[in-house]
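Take a look at the sequence and the model below. Then read on for a short tour of some of its parts.

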Amino acid sequence: MSLKEKLSEVPVEASSDPILVANSKQTVTEVFAMLLSNNILSSPVWDEASSSFTGIIDIMDILMLMSEVFSRQELESFCSLDMIATHAGRFTPEAFQEHFRNHRAFLQGAVITDMGGLSGVNRFVPVKVGDSLWDVLNVMVDNKLHRVAVLQGDSQVVNYVTQSRLIHFLVEHEQLVPEAIRSKTIEELEIFSSEVLTCSEKDRAVDVFAKMSRAGVSAIPILSEEGTFSGCLSASDLKGIGKDCSNFARLGLPVLDYIAPIRQENLKAKFPAIGCNVHTPFERVIKKLDASRVHRVFITDDDNKIVGVVSLGDVLRVVRDAAV
């Protein structure tokens with residue numbers, strides 16, 4: 001059996017857990033509270049006026065807006081969701097005209113429609129219950145999506161299929177990954193990008209999260225003063241501010257200080273290094289991505305300096321093209 005045949009025989013189903021959906025009439029702060037209190041990073045956005053889903057709102061996108069609207073002192077003074085909610089009026093069209101003069105495309109993408117309106121900034125391209133994982137893979141690769149929503153009917157999101165789930169599927173069925181790519185190195189496959197967004201150990205965490213949101217990436221390498229690879233900040237680390245925002249002020253800390261207690265809590269978890277070199281076999285890259293549960297593997301040279309990055313999207317594109 002080929003990988004394509006195996007993916008084609010596995011249908012996507014509804015999840016037993018409910019999928020939270022944001023409403024386009026909710027305020028920015030209401031959606032931020034919903035995501036944070038439920039320990040989730042994103043949500044589809046339903047627009048009642050058009051009776052359709054308009055996109056997916058990500059918690060990092062909201063934090064990026066906050067970093068533009070609020071001053072450094074204000075951000076570091078927040079210690080609860082209620083305190084943030086009292087500033088809902090700051091998210092007005094006029095405020096965004098003032099703070100986003102250089103981000104017209106972002107505005108035109110309907111990030112904020114009015115003071116009480118919210119639209120998704122990520123594309124919403126769903127599949128239906130009963131479609132196959134092969135269908136999901138194609139939708140994901142063709143539209144460059146991190147996740148694909150699963151619809152029951154036209155208006156009910158009942159599941160998500162993430163890039164990570166497909167990577168895990170590849171590991172479980174590694175013998176089906178075409179040999180033409182499995183044993184080749186990432187250099188031979190030419191799948192890595194040499195343009196890598198980075199941050200320094202001294203950058204404020206809130207600024208780094210905002211930087212990630214603008215670039216549309218879910219992880220960023222942290223560089224030491226010597227320029228070597230010393231760590232990584234990922235979207236999931238945003239949960240470090242707490243479900244009730246009691247640790248929100250920590251976002252004002254240098255990024256290395258921000259992630260220190262988060263990593264301390266996860267010491268018992270077995271996360272392998274998230275780096276590799278250009279000679280690493282493709283199959284090992286897939287296993288690293290699956291085991292570490294990250295969205296990017298950073299490529300380092302002999303001096304431990306970043307020279308490239310391989311994303312989940314890069315891996316899935318290569319696999320899809322080889323499996324066709």
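## A predicted model

The structure shown here is a predicted model.

## Helix H9

Helix H9 spans residues 163–172. Its buried residues include Gln-163, Leu-166, Ile-167, Phe-169 and Leu-170. They cover an arc of only 155 degrees around the axis, so they lie on the same side of H9.

What covers them? Helices H1 (3–8), H8 (133–143), H14 (282–292) and H15 (312–323) are among the elements that cover the buried residues of H9. Strand E6 (156–162) is another one of them.

Strand E11 holds residues 296–300. Strand E12 holds residues 306–311. The two pair in the antiparallel sense, over five bridges. Within this pairing, Val-297 has Val-310 in E12 as its bridge partner.

Five residues sit between the strands of the hairpin. There, Asn-304 takes a positive phi near 65 degrees. E12 itself is mostly covered, with five of its six residues buried.

## A three-stranded sheet

Another part of the model is an open sheet. Three strands form it, in the order E1-E2-E3, and their pairing is mixed. Strands E1 (22–23) and E3 (52–58) stand at the edges. Each has a single partner strand, so one side of each is left without a neighbour in the sheet.

E1 and E2 (residues 42–47) run parallel, joined by two bridges. Asn-23 stands opposite Trp-46 in E2.

## Cysteines without disulfides

How many disulfides does a search of the whole structure find? It finds zero. Take Cys-245, which is in no disulfide. The nearest cysteine sulfur belongs to Cys-79, and it is 9.2 Å away. A disulfide needs two cysteine sulfur atoms within 2.5 Å.

Is Cys-245 buried or exposed? Cys-245 is buried, with a relative accessible area of 0%. Cys-276 is buried too, and its relative accessible area is 7%.

## Leu-197 in its loop

Leu-197 lies in the loop between helix H11 (186–189) and strand E7 (199–200). Leu-197 counts as partly exposed, because its relative accessibility is 27%.

Which residues does Leu-197 contact, leaving aside its neighbours within four places in sequence? They are Lys-211, Ala-215, Val-217, Ile-220 and Pro-221. Leu-197 and Ile-306 are 109 residues apart along the chain. Their C-alpha atoms are separated by 10.0 Å.

Conventions. Residues numbered from 1 in each chain as written. Predicted model: local features only at pLDDT ≥ 70, side-chain atom pairs only at ≥ 80, totals over all residues. Heavy atoms only, no water. Buried < 20%, exposed > 50% of the residue type's maximum accessible area, 1.4 Å probe, protein only. Helix = DSSP H or I, 4+ residues; strand = E, 2+ residues; numbered from the N terminus. Arc of directions from axis to C-beta. Contact = heavy atoms within 4.5 Å. Pairing = 2+ DSSP bridges.
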